[in-house]
Amino acid sequence: MEEQKKENPLKVNRRHFFSQLSIGIGSLALGSLLIPDLFKNGQMNLGQQPLGIPHFAPKAKRVIYLFQAGAPSQLETFDYKPMLRKRMGEDLPESIRNGQRLTGMTANQEKFPLMPPAVDFRQHGQSGTWISDFFPYTAKIADEITVIRSMHTEAINHDPAITFFQTGSQISGRPSMGSWMSYGLGSENKNLPSFVVLTSRGKGNSQGLYSKLWSSGFLDSKHQGVLLRSGKDPVLYLNDPEGISRSEKRDLLNEVSALNKLHHVETGDDEIESRIAQYEMAYRMQMSVPDVMDISKEPKSIIDLYGEDCQVPGTYAANALQARRLAENGVRFIQLYHQGWDQHGNLPNEMAGQAKDVDQASAALVLDLKQRGMLEDTLVIWGGEFGRGNYCQGKFDPANYGRDHHPRAFSIWMAGGGVKPGLNYGKTDEFGYNVIENPVHINDFHATLMYALGLDHEQLTYKYQGRRFRLTDVAGNVIKDLLA
Amino acid sequence: MGKLITFKGRPDLKVFQMNYKSITALVLIALIGGLYAYKKGAFEFKNDEYATLALPETVDYNFHIKPILSDKCYTCHGPDANKRKAGFRLDVQESALSELPESPGHFAIVPKNLRASKAYLAIISDDPTVQMPPADSKLALSAYEKKLIKKWIEQGAQFEKHWAYIQPQKIALPKTLNTWGNNEIDAFVLKKLEEQNMLPSKKATNETLIRRISLDLTGLPPKPETVSQLLAPASQDTIAHIIDTFLASPAYGERMTQSWLDVARYADSHGYQDDSYRTMWPWRDWVIHAFNKNLPYDTFLTWQLAGDLLPNPTKEQILATGFNRNHPITQEGGVIQEEYRTNYVLDRTNTLGKGILGLTLECARCHDHKYDAISQKDYFEMFAFFNQVDEKGLQMDAVQAKNQAFFADPPFIQVSDDETDGVLSFINMKNIPKVNVMVMNDSAPKTTYILNRGEYDQPTDSVLPNTPKSIFAFADNLPKNRLGLAQWLTDRQNPLTARVFVNRIWAMLFGKGLVETSEDFGVQGSLPTHPELMDWLAVDFMEHDWDIKYLLNKIMLSATYQQKSELRPDLKKADPENIWWARAPRFRMSGEMIRDYVLATSGLLNQEIGGPSVKPYQPPGLWEETNAGGNRGVLTNYVQDQGPDLYRRSLYTFWKRTLPPPNMTIFDAPTRDFSEVRRQKTNTPLQALVLQNDVQILEAARVLAQNLVYEDPNSQDYITDIFKRILVRSPNEKELAALSNYYQDALKGYERNRVEAEKLIELGEYPRLDTDAAKTAALMLTAQVIYNLDETITKE
């Protein structure tokens, strides 16, 4: 058969096999035969196993990514720069700026006066991690988190920068990292998608979100992130209309199934069986999703931990609590977006508000996972798409200033899932402008995250348009120092 | 199933003992699973699985060898000069057979001499210092591939030009053992079938064919009256007549346009950050018009690429160039102008590659192409054609644009209501006095530079507009502008343009192309399953002056197209993927087609053509939850339309790039951020939810039901009627019995609970009729069952 095709049979790659599986009846039986929890036997042979199986022993099984969209300033969060106060108002030295391109919003400013943070910093925990007073709750988990202060990127505008973070490329069209993880590791729950997205809105200046950020790109669309919304229809089209009871719905599906089965016999097309199975999964999702979303049985201690806001659907706090519940239910990649971090002006006020939105619930999530024994295999990440400049945007006013985009240095934190707790990694110069120690590029960050999940970033590829694509494109080094 | 046994005195030894039945079952499952996986090629990673596979009699360079060299060797020994190792390349014969630059006296390949062929010795070597590909490349040749290369060298190591760069020729029709078929296409298909010892399928019934042809040519199910007319015994040469009927329908242009919008990355919003409104819909109206007028494909392309450069261009020809302004445009304040302007030019170049030439040109943006003979210089020579537009990276930000009602970035043309009474009558102005549409010009001549790593701020050497010689040389007498480019593209000697289009038409009708990778005819793309047929069709198409309706007609008249689509048991084994076309395909329709199908069969479809895009039902809050807040642009809130605009064809549904209509994307529609030529055909639970719970579909079921009950409150034929309306065939006995029982049960339920029935039939904005609520609700659910059948959403 292969020979007759006149085409090299080995060109059929392994993911092709799985995409085939997903269509045919075989997916039901084989999918679970080949992709069970294979990791129990220890190390696998690199590059020799199909998808759905990690390349080596994973430290984390799942990721909760608390994305702070709009780019929070590192200088008011985790990167303490007293020098900025000493030299307040002085022009940013050219030796420091060193040719860095600026966005059109400040490129025409005559001066770039250094602006100190409007908030105090303190050291916290045994690790002595510097954290700004905007984040009192995060300060309490200082010894649980790893702060990276040496992140850097190339993009200086939101769309390409956030696209870069989510897909490994500034160019639209590549799969989101959640899709890559779903593709590489498969699902742990038959009744829920493996990649779920939750969005919330802060009061600060915000930028839009785009569905391409959770798109599966050229991967099979079953790896696409499913937007879980607050309100009565958490998954699009999930709710049955009024006037159809659950039993009437069951009758309807039984009828559809029975007729589909008749047609299957006539046509011989196994795709019909697959469709019947998808209808059953949809039916189960109609129960499982509201179950996961229903926080009414969460005890008061948990509500107190996350803060009252967690009872208000659609808030960051509610989404953080939801994230834990999804993680418990085997969702592989849980992506939160909190909008409102684009402080071109009014930074002191806006950041205080933004921090208040997310601080308590982010810390609560880490503590909650820990008390359930889940922190060790759940990787939590907090951060935005780039950093912000150390000079003032707009009128020089320490009480009401803005900061423009800054790609060369910014801070994020990670917790659990095999990263070293209490670690402070990477350094910037005294101006908080350039990385001077242990730089971490986005590609390195992706490589490291994949490593924690047991995936070799050079091995997890997908051939599209003749090229083997990776989340890390052609770069990326695993930063082993970050890992426990 | 089994139990855990411990051995006396050996508590460390535990054995899971299974009973006989479960062992048999497990072994059986594993066997079946393994067999299935093997058939599907799952064990590629086990090199020797294919070691026993018979080698072909004659090893073919293009079909057997180049795929290996390209996939495993070109990264270091291919077209990319910067990454080339040891100074030699395997993609061109002269280099591969010449003395190795770094090993004088040695050769990579010596025809018919294995021991002197260093490349062969390297690929079979176990010595890590010699072995190729090297271990760190993470690439490896299988035993089968090594044997192929061995045999190829033994047979003389013949090189050939890449198949897709050779000008297609019409070869004589192949001789077949049997006679079958209606036209030339069938001879090529039958030849392959005979080689595989397979038989074609019987002709499908006329009922099936009417539905199939109607869906393929109009994207809509046939109307009941059309079906009865076409099935009338008097009508002669039925199938030809059916095809002609649908080709002549105005819906034909809409259906063809639907596919072209993916290629053209059409949207009603600018994309990027703020994703605000733009008015490109008059261009879309032109595309519908062009297809309906059956503008030849070469003209169709020429106008879109270079209509403005034609001598004394008409406004219509200029409007057509909107094609190359459909790309995303930023409205984010503070971007760097040149960065984005460069992005737009890159997009046009990539669209030309993927959408028209079937080439992954974009791979050569940052470096020479790794696989195809396209250098970075070639890329920027193509880029130069599109780099003369008088445009800006950022014209104004979303807030300004909103305040000034500025919905088209220069250059644009203005279309006024008066003009649409005349030459531009195909534009549906809907009482709008005037509208601006973005178009192309060459009013800002500039020098094009090769951009290092493709970065806008790293220009290196300057280049002039040109096309890659490896494909087809750009004639000296052609103007070095987009018009020249269009002439180069539509030259009958261009090896790609016609092939790529013919293949896409084939894919539209058959679900996949003769070259499966419709977007990539390059070295790493799939090989054609029927190369001679593909070439014959391409040449025939050009000989008939690029007549698209002729091409469709030709394919549809073939016996290959008209076969039954059932998977015969023998075919299920012999050709489960239907590579050889021993049956017609069976595949799920696109999201647009499904929605249109439901609207049409329910009687709700509004057949108005063209005009500004409309906003039908969409789950509330989607735009609002993710927008940038406040007044950033005009598309922050979704304001649903009312009345007839809820029932327009799906190609008129408003396309916002950052959040396209979910009932389309769930069925694999692309985002339109860039050109796309092939959609996936997935089967997911979310699709099941759309079909069950989208108001658009529930309302259609309700309207269909209430109309039937209204027309005849006591009919005994509801089930048959509704079934025929939706599926364009009569139900068989079993189906009728099952659905009648279902209806009766539902009716009893709703008669007991009329409050629920009333709630159900309130769905949607379409007015209620005075009908019995329980009957209407029960019949509505029956329609809903049929709308959810696999057959309904499948082209058979």
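Okay, hi everyone. Keep in mind that what you see above is a predicted model.

Chain B puts 95 residues into it, and chain A puts in 86. What kinds of residues does chain B bring to the side that touches chain A? They split into 42 nonpolar, 27 polar and 26 charged.

Now chain A, and two pairs of helices. Quick reminder: two packed helices are described by the angle between their axes and the distance between the axes.

Pair one is H8(A), residues 246–267, with H9(A), residues 271–293. Their axes come within 9 Å and cross at roughly 165°. That angle makes H8(A) roughly antiparallel to H9(A), because anything over 145 degrees counts that way. The crossing of H8(A) and H9(A) is left-handed. If you want to find the contact on screen, look on H8(A) for residues including A:Leu253, A:Val256 and A:His263, and on H9(A) for residues including A:Ile272, A:Tyr279 and A:Tyr283. Sorted by class, the contact has six nonpolar, five polar and two charged residues.

Pair two is H11(A), residues 316–328, and H12(A), residues 347–371. Here the angle is about 15°, and the axes are 8 Å apart. So H11(A) runs roughly parallel to H12(A). Is the crossing of H11(A) and H12(A) left-handed or right-handed? This one is right-handed. On the H11(A) side you'll find A:Tyr316, A:Ala317, A:Ala320, A:Ala323 and A:Arg324, and they meet H12(A) residues, among them A:Val358, A:Ala361, A:Leu365 and A:Leu369. The class count for this contact is nine nonpolar, two polar and three charged residues.

On to chain B, with two covered helices.

H8(B) covers residues 206–218, which is 13 residues. From first C-alpha to last it reaches 17 Å, close to the 18 Å expected at 1.5 Å a residue. How many of the 13 residues of H8(B) are buried? The count is 10, and the helix is mostly covered. Those buried residues include B:Leu209, B:Ile210 and B:Leu217, but also B:Arg211, B:Arg212 and B:Asp216.

H13(B), residues 297–306, has nine of its 10 residues buried, so the rest of the structure largely encloses it. Among the buried ones are B:Tyr297, B:Phe300, B:Trp303 and B:Leu305. What covers them? The list includes helices H12, H14, H15, H18, H19 and H21 of chain B.

H18 of chain B comes up again with B:Pro468, which lies in the loop between strand S8 (459–463) and helix H18 (482–489). B:Pro468 counts as buried because 23 C-beta neighbours sit inside 10 Å. Leaving out residues up to four places away in sequence, B:Pro468 touches B:Ile374 and B:Asp378. As for B:Leu622, 154 residues from B:Pro468 along the chain, the two C-alpha atoms are separated by 45 Å.

Most residues other than glycine have a negative phi, and most peptide bonds are trans. Here are some exceptions.

First, cis peptide bonds. One joins B:Met132 and B:Pro133, with omega about -10°. B:Pro133 is in the loop between helix H5 (118–124) and helix H6 (143–154) of chain B. Another goes from B:Pro410 to B:Pro411, with omega near -5°. B:Pro411 belongs to the loop between helix H17 (398–403) and strand S5 (412–416) of chain B.

Then, positive phi. B:Asn431 isn't a glycine, yet its phi is about 70°. You'll find B:Asn431 in the loop between S5 and strand S6 (434–438) of chain B. B:Trp581 has a positive phi too, near 60°, and its loop runs between helix H22 (569–574) and strand S9 (587–588) of chain B. Which of these residues is buried, and which is exposed? B:Asn431 counts as exposed because it has 6 C-beta neighbours inside 10 Å, while B:Trp581 is buried, with 27 other C-beta atoms within 10 Å.

That's it from me, thanks!

Key
Residues are numbered from 1 along each chain as its sequence is written. Chains are lettered from A and ligands numbered from 1 in the order in which they are written. This is a predicted model: local features need pLDDT of at least 70, side-chain atom pairs count only at pLDDT 80 or more; totals for chains, interfaces and linings use all residues. Helices (H or I, at least four residues) and strands (E, at least two) are DSSP runs, numbered from the N terminus. The expected span of a helix is 1.5 Å times one less than its number of residues. A residue is buried if 20 or more other C-beta atoms lie within 10 Å of its own, exposed if 12 or fewer, and partly exposed in between; C-beta atoms are placed from the backbone. Axes are lines fitted to C-alpha atoms, for helices over the stretch in contact, and angles run from 0 to 180 degrees between N-to-C directions. Angles under 35 degrees count as roughly parallel, over 145 as roughly antiparallel, 65 to 115 as roughly perpendicular and the rest as oblique. A crossing is left-handed if the near helix is turned anticlockwise from the far one by less than a right angle, and right-handed if clockwise. Two residues are in contact if their C-beta atoms, placed from the backbone, lie within 7 Å. Ala, Val, Leu, Ile, Met, Phe, Trp, Tyr, Cys and Pro count as nonpolar, Asp, Glu, Lys and Arg as charged, and the others, Gly among them, as polar.
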